[in-house]
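Work through the exercises below with the model open. Each task is followed by a stepwise solution.

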Number of protein chains: 4
Amino acid sequence: MAGSGRPELRVAMIGYGFMGAAHSQAWRTAPRFFDLDAEPVMATIVGRNAEALEAARVKFGWESASTDWRRVIADPSIDIVDVCTPGSSHVEIAIAALEAGKHVLCEKPLANSVEEAELMVAAAEAARARGVRSMVGFSYRRVPAIGYARQLIAEGALGDVRQIRALYLQDWLSDEEGPMTWRLDKDQAGSGSLGDIGAHAIDLVQHLTGARLDTVSGTLATFVTERPLLGETVGLSGTASEERGAVTVDDAAWFTAKLTGGLADGAIGAFEATRYATGRKNALRIELSGSRGAIAFDLERMNELEVYDATAPAGKQGFTRIVVTEPEHPYMAAWWPTGHGIGYEHPFSHQVRDLVQAITAGTDPEPSFAEGLQVQRVLHAVESSAANGSAWTPTD
Amino acid sequence: MAGSGRPELRVAMIGYGFMGAAHSQAWRTAPRFFDLDAEPVMATIVGRNAEALEAARVKFGWESASTDWRRVIADPSIDIVDVCTPGSSHVEIAIAALEAGKHVLCEKPLANSVEEAELMVAAAEAARARGVRSMVGFSYRRVPAIGYARQLIAEGALGDVRQIRALYLQDWLSDEEGPMTWRLDKDQAGSGSLGDIGAHAIDLVQHLTGARLDTVSGTLATFVTERPLLGETVGLSGTASEERGAVTVDDAAWFTAKLTGGLADGAIGAFEATRYATGRKNALRIELSGSRGAIAFDLERMNELEVYDATAPAGKQGFTRIVVTEPEHPYMAAWWPTGHGIGYEHPFSHQVRDLVQAITAGTDPEPSFAEGLQVQRVLHAVESSAANGSAWTPTD
Amino acid sequence: MAGSGRPELRVAMIGYGFMGAAHSQAWRTAPRFFDLDAEPVMATIVGRNAEALEAARVKFGWESASTDWRRVIADPSIDIVDVCTPGSSHVEIAIAALEAGKHVLCEKPLANSVEEAELMVAAAEAARARGVRSMVGFSYRRVPAIGYARQLIAEGALGDVRQIRALYLQDWLSDEEGPMTWRLDKDQAGSGSLGDIGAHAIDLVQHLTGARLDTVSGTLATFVTERPLLGETVGLSGTASEERGAVTVDDAAWFTAKLTGGLADGAIGAFEATRYATGRKNALRIELSGSRGAIAFDLERMNELEVYDATAPAGKQGFTRIVVTEPEHPYMAAWWPTGHGIGYEHPFSHQVRDLVQAITAGTDPEPSFAEGLQVQRVLHAVESSAANGSAWTPTD
Amino acid sequence: MAGSGRPELRVAMIGYGFMGAAHSQAWRTAPRFFDLDAEPVMATIVGRNAEALEAARVKFGWESASTDWRRVIADPSIDIVDVCTPGSSHVEIAIAALEAGKHVLCEKPLANSVEEAELMVAAAEAARARGVRSMVGFSYRRVPAIGYARQLIAEGALGDVRQIRALYLQDWLSDEEGPMTWRLDKDQAGSGSLGDIGAHAIDLVQHLTGARLDTVSGTLATFVTERPLLGETVGLSGTASEERGAVTVDDAAWFTAKLTGGLADGAIGAFEATRYATGRKNALRIELSGSRGAIAFDLERMNELEVYDATAPAGKQGFTRIVVTEPEHPYMAAWWPTGHGIGYEHPFSHQVRDLVQAITAGTDPEPSFAEGLQVQRVLHAVESSAANGSAWTPTD
């Protein structure tokens, strides 16, 4: 903002789909609600299709557009590269950006394979030595209810966490006549429910407890193996054809995990990720059961957190529904008065806030690429286990 | 946005408190998510304290600032005046702006008295003849769950509405040692819970049903009549002194109303507005019971609507919890995928969208100043009834 | 039970409708779960229609049946008379029984008028001097969640109660073609929603807080003034005729009340009783808001109580959903393990337990007839206020 | 009941613990609410400790008591033997009773091993040829919400069931200083959470869908391996000693299952049974996701069922919370009016009703011993899988 007196950080965003919209809103909004030590500038949006890109530039509010990401990365005026492309291109873009000295925010999953993720971590660590920052976009960590739960857990409110239930339930594939999309093609998407939404559940559980999923026993399933191909694409939608394409990713994934370290050492978690949970639209549900208490969270009610205190007098025990909109709750002092909730995109603003502050302070933002890699290893172990009769498989 | 190719509408916003923050975010955000026929430009923010104003300009993202609202209204480059000041100044500013040919968005309540509101309506109607638009900011009408409920009701889902429960429950005065503020002083605030939050309940019930509150029987109460005065103000907070100030507005209001017209002709409603509902942070709860069905809404869960169909087979009847995030729901196609909720401030963006589109289309946006006046009359009738032993009092 | 070694208390129950079924189950069940100092014996069931009565005797499990209540009351072997008839006959039966030296349990409402109730109180007090006990059947007092709420309130968990919401919502009249019944005829029923279900709300609020409703401002409405008459009765149901009968009682009642005394001195309560709350089947909802906390209860989830502690750290405040099935909760140690809920009829067993224990201990059970009379006075004041333009009306 | 004119069925109940109390209440209550074709008579209660037994006889309301179950089974006046003892004695008692020509109701789990259960099935089938009936007590099948869900599923409300979540969550072991009991000793209890509560989840899923769990991949865990031994028992409680005993059963169990047949052919289910789910008291939660709809049930709110209709218009879809208290719902016409819920023990009355009616009609009640055996085989397969690194294991 003109007149802020703060240094600028010029941002280039690669990609302009769903995540591009969410990130744009965050770059625009964060400095208007949080006191940042630098002012992010929405400089350049990057994509391949020039016409659609220009429409996105105007819609999302970027100064300029470019179809050449390499040129943008080479632009010395750019400070931050925000990678919102599909996972298959992360490795190339992120490494190039880091090598060019740009701070990088990379959407999750970090990459489509452990090998790619390892290359990215190496690049991030090399860049870090030169003061270049990197961050992977597990945005749900910055839902205030999650942040507050983490505080409570760190304070000992749960004692030893023994059991975990972590489900990410969606239902957009319930209709078996829903069309084939690139997200259901392993070559393009890498993974199905497991990598797309299961990754969030893994990251949150580890973030909340400080523990790691150490070994896993997993199962994958594909309920509908063929879906109608869309005909020639006209605009954003298409016309259904009579041909069908093969679904080559998992529709749903289940896994049991043994955790080590942190506040959940020895705990066992049951995970599920599915796009077939009829009626559940975006239900990321986390329940942690500990020796002294429990917490329960459901993303469909993201402004609420349920907390159980097993040390209260027996007659008074129960799950307390906290409306997580108090100034005492993470990030909430910047928004609205008590009781006025936030929405899906606000955690992206929190992410921008923390990234900008880390860059200006010269510290490392979280989650790091290394954390992204570790999640990738868990995903890989689940797939290996599933391919091996659910045998218990270490994550490293 | 540069390059949008759309005509611009330059906005001046008077006031920079809580509502100023919410309106700023809406002016900034609406054109990035909705396809508008004009591009609003955040031109000038107006306030009295030059230093605080400049901080607000930077924080909220306006091009320029001015401490002289009359000069801004006289500025021919300004198209829209957005009045976010306390109610006592609405009449003067809004009428001046309308007379200067500016479209006006005025925060609720429209004014602090029926007389003022009548003057404003006259000005709005005169301006309307010259193509100048006016709108009062009952933003909750544009919560998607409310908009969808209205559609259902219009389609006959409730049959004849017979009973209404409309409560607006907050609790920020529960602590009797909470400090005195201008909001508790009748000279400055005009009204307490009744005008501040009860007005929303009145507007929503009338909006949902198309009926009017015709006669009312009301009661007002002040539970804590003196509160500590803050000492010398230092920054945003202050230090408590031992002196106490008199609370001269209502802490809570209750009224019963008979409705006429629309889809609730002959219905009876029970209303409550309070800042003493311990544990309820922002619970605007509306329940409509009709001959064929019912709806229930709670602003603390603003992405949900509960609908009951009394014509379903007896065994299958129940309240259906709709997660109001489908593209079929009002405004939601512009935001995020199914299941990804919105927050408190989004309805302000919907308000901007509808105002801009009305201006460019040359139609009248809703709610009109006349609707604002009518709510004011209801508030006045409640106060009169309360002062008269709860005698039934007509609203006109 | 043979062999219990306890003295017997022989019971006669007058009436065999819905309440007769509930009371029978309680007389049968209470001694099997609670340690009673006397064994109630289900001796005689009394009604007018000999054939239906014998069927009820067998169905409900009574030793003998009689069509002559006066003869039963004169029977020296009877110890307790349980009055389950419609309100219009309470005065005659209860007074006769008390004068005959029988302990009396009388269903609510105590009577159909204040005058009748006063006669009954006089008789109860005269009998009390002779060691004869009397009790009115406000059974919901003995829902464990209510009993526990009362304990919490007495311990100061709410501080000063300032606001009360007490609604009893049913919907069985929503269908305007539902048939005329005696319950809708003032001559037979005395009152509509107000006396039938509103009385419970009044009693519970007073029981929970120890305060009294001191003055009231009320409104009554009848939404459907004529309903189809049933034709000749065949069995339990009938055939609809084309004739219609006049509904002469209130369909719904609303009133605001000022309380005095106890822990709610100076509080204001908003009450509603209705049979038109579409979708609400038996929703007796009580919410008390105090200076230190709040409680919320809904009979549709009778095994739960929500409690808010406003003295907890701000970030941790929220409504705690207590599953009221712990041995620490009133009456629950006698039933099932933690988490195993009870049903509608269990509070009637609690009522039997407390009556039997009071009789054997020579103490007065609660609620007394005097308490029943006081509720009657409140009902009368509401009706008077409604007939007088909602003018504030004292309850005594 | 004297005078019922119905033939009598004389019952002997073996065991007088928690299940003895629940069954006694059911034998006493069922004939008072349901129209039965025979009148059950609570003839004899059987146990080992004569003194405690006599107390139970009086408390639970049986005519006589006996410490010799063989003698009772030999008594020609006894028609039905109700086995409520721990699982280790089921095989001997049930087979003896069947061979003596008594109808047998046997508590779940049917036995402590597959081998025992097979013997019992053989005995039941031999007896069946002689008109002797047998039934295993999976009482939750007869929760009205479950029965109604089953009807809906059979009518096609869910289409093809694809995913199942079935959790039975309790928390009574969360406190690691809770004492050792026989339930935690494998020699006595056979199994821990898996057999005790997981068995209910298995039975319900199979009952609801008509499918069978075909292969399973399981994990068991014991979180607290030693617990304080109680000292000398005094009355019902004891005094803690400093000695500790070894917990030799599972504290928690997780398994994934592939289903075949019925309306869930090809479905995959995720199961969990635990006594460490802090804050969950008796949360048996079943969620079935199908191609056309979904249902969700939680035993902590046993009078409610949530149903999702994926064929409704998109904007109107949502989970409908049905209060399962309508006369249209299974068993509910016999109880209370709409909205008046039932409690934990009522399904036992439904079980008695169905058993008595099957005996008098000469039909086979469900669930049969064969169904109990099949559940046993699933439990065994889960244990085998867990012992074998979670390898997929067939259930037959």
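Predicted model: local features only at pLDDT ≥ 70, side-chain atom pairs only at ≥ 80, totals over all residues.

**Exercise 1. Locate C:Ser390 and describe its backbone and burial.**

Step 1. C:Ser390 sits in the loop between H10 and strand E17 (393-394) of chain C. Helices (H or I, at least four residues) and strands (E, at least two) are DSSP runs, numbered from the N terminus.

Step 2. Residues are numbered from 1 along each chain as its sequence is written, while chains are lettered from A and ligands numbered from 1 in the order in which they are written.

Step 3. Read phi. C:Ser390 has a positive phi of about 65 degrees, although it is not a glycine. Most residues other than glycine have a negative phi.

Step 4. Count neighbours. C:Ser390 has 27 other C-beta atoms within 10 Å, so it is buried. The cut-offs: buried means 20 or more other C-beta atoms within 10 Å of the residue's own, exposed 12 or fewer, partly exposed in between, with C-beta atoms placed from the backbone.

Step 5. Check chain B. B:Ser390 has phi near 65 degrees, again positive in a residue other than glycine. B:Ser390 counts as buried because 27 C-beta neighbours lie inside 10 Å.

**Exercise 2. Give the strand order of the six-stranded open sheet in chain C.**

Step 1. The order is E3-E2-E1-E4-E5-E6, with parallel pairing. Strands pair if DSSP finds at least two bridges between them.

Step 2. Find the edges. Strand E3 (64-66) and strand E6 (134-137) of chain C each pair on one side only. The twist averages 25 degrees from one strand to the next.

Step 3. Inspect one pair. Strand E1 (residues 8-14) and strand E4 (residues 80-83) of chain C are parallel over four bridges. C:Ala12 has C:Val81 as its bridge partner in E4(C).

**Exercise 3. Describe the domains of chain A and their contact.**

Step 1. Domain 1 covers 8-139 and domain 2 covers 144-301 + 303-342 + 366-394 (bounds from an automatic or database domain assignment).

Step 2. Over C-alpha atoms, 25 Å separate the centres of domain 1 and domain 2 of chain A. Residues are in contact if their C-beta atoms, placed from the backbone, lie within 7 Å.

Step 3. H5(A) gives the most to the domain 1 side, with six residues.

**Exercise 4. Which strand of chain A gives the most to the side that touches chain C?**

Step 1. Size the interface. 14 residues of chain A are in contact with 14 residues of chain C.

Step 2. Strand E16 (residues 319-323) of chain A gives the most, with five residues.

Step 3. Follow the strand across. E16(A) runs antiparallel to strand E16 (residues 319-323) of chain C, joined by three bridges. A:Arg321 has C:Phe319 as its bridge partner in E16(C).

How values were computed
Contact = placed C-beta atoms within 7 Å. Axes fitted to C-alpha atoms, helices over the stretch in contact; angles between N-to-C directions.
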